[in-house]
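Below is a short report on one protein chain. Please look at the sequence and the fold before reading on.

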Amino acid sequence: TPADTDEILISDAGTLKRIDFSYIKSLAGTQIVYAERTGGNQTLSDNTWTKVEYNSDNYDPDSNWDTTNDRYIAPSAGRYYFTATAYLWGSLQNVHSQFYLNGSNLSDTYFIINYNASNTTHECTVRSNAILNLSASDYVEFYAKSDVHSGSVQIDQVGTQFLAFRLD
């Protein structure tokens, strides 16, 4: 990859011009984070928005994932794409998920994928997607909520993932 001060030559109707690489490089697709839940399950509180804990940042070259607080922190202003999933099992009736931005909930989305009912144990995956305009230091978290029929609902370490990357 060229350095920001490297120059590229272009032809403008036969006139050669030099441009520093920093003026044309794109931030799109950079500042990527992939985090997932490892090391055990998390109990989901009944009918309460609960932050999903992603305790392993498997790919975070720019250190934008806050492993202490389980959140993505935007390093600079721009548009970002987010998708997050949580694989749940237990005696549940319905499931919702949503992103929170700087501690406040965003419009929630409702997905049930891979739904499997066996007596009173249910399995499903909830997912939320968003494209957000963020300022530097804004943070994004993923929450889930379930109406528990009885007992408790677990967020499984398998299939619980968070992905974020900058679009522009």
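R71 is found in strand β8; strands are DSSP runs of E with at least two residues, numbered from the N terminus. The residue is buried, with a relative accessible area of 17%. Buried means under 20% relative accessible area, exposed over 50%, and partly exposed in between (1.4 Å probe, protein chains only). The model is predicted: local features need pLDDT of at least 70, side-chain atom pairs count only at pLDDT 80 or more, and totals for chains, interfaces and linings use all residues. Residues are numbered from 1 along each chain as its sequence is written, and side-chain values use heavy atoms, with hydrogens and water left out.

What does the charged end of R71 sit over? It sits over the ring of Y139, 3.8 Å from the ring centre. That label requires NZ of Lys or CZ of Arg within 6 Å of the ring centre and within 35 degrees of the ring normal. The side chain of R71 also makes a polar contact of 3.2 Å with the side chain of E141. A polar contact is a pair of N or O atoms within 3.5 Å; within protein, one must be able to donate a hydrogen and the other to accept it, and residues adjacent in sequence count only if both atoms are side-chain atoms. Leaving out residues up to four places away in sequence, R71 touches K51, N64, W65, D66, Y139, V140 and E141. Contact here means heavy atoms within 4.5 Å.

## Aromatic pairs

The whole structure holds 12 aromatic pairs. Rings of Phe, Tyr and Trp (its six-membered ring) pair if their centres lie within 6.5 Å; planes under 30 degrees apart count as stacked, over 60 as edge-to-face and the rest as tilted. Y72 and F82 are edge-to-face, because their ring centres are 5.5 Å apart and their planes stand at 75 degrees. Y72 lies in β8 (residues 71–73) and F82 in β9, so this pair ties together parts that are 10 residues apart in sequence. Y72 is buried at 0% relative accessibility. F82 is also buried, at 0%.

Y100 and Y143 are stacked: centres 3.8 Å apart, planes at 25 degrees. This pair links distant parts of the chain, with Y100 in β9 and Y143 in β13, 43 residues apart. Y100 is buried at 12%, and Y143 is buried at 14%. Ring pairs also join Y54, W65, Y72, Y80, F82, F99, F142 and F162 into a cluster.

## The nonpolar core

The largest nonpolar core has 29 residues. Such a core is a set of buried Ala, Val, Leu, Ile, Met, Phe, Trp, Tyr and Cys residues joined through side-chain atoms within 4.5 Å. Y54, Y72, F82, L88, F99, F142 and F162 touch the most other members. Two or more residues come from each of β3 (33–36), β9 (78–101), β12 (121–134), β13 (139–155) and β14 (161–166). β9 gives the most, with eight.

## The loop at A136

A136 lies in the loop between β12 and β13. It is partly exposed, with a relative accessible area of 43%. Its C-alpha atom is 5.3 Å from that of A74, 62 residues apart along the chain. Beyond its neighbours within four places in sequence, A136 is in contact with A74, P75, S76 and A77.

## The chain overall

The chain has zero helices and 14 strands. Buried residues make up 36% of its 168 residues. Among contacts with a separation of 6 or more, 72% join residues 24 or more positions apart.

Notes: Helix = DSSP H or I, 4+ residues; strand = E, 2+ residues; numbered from the N terminus.
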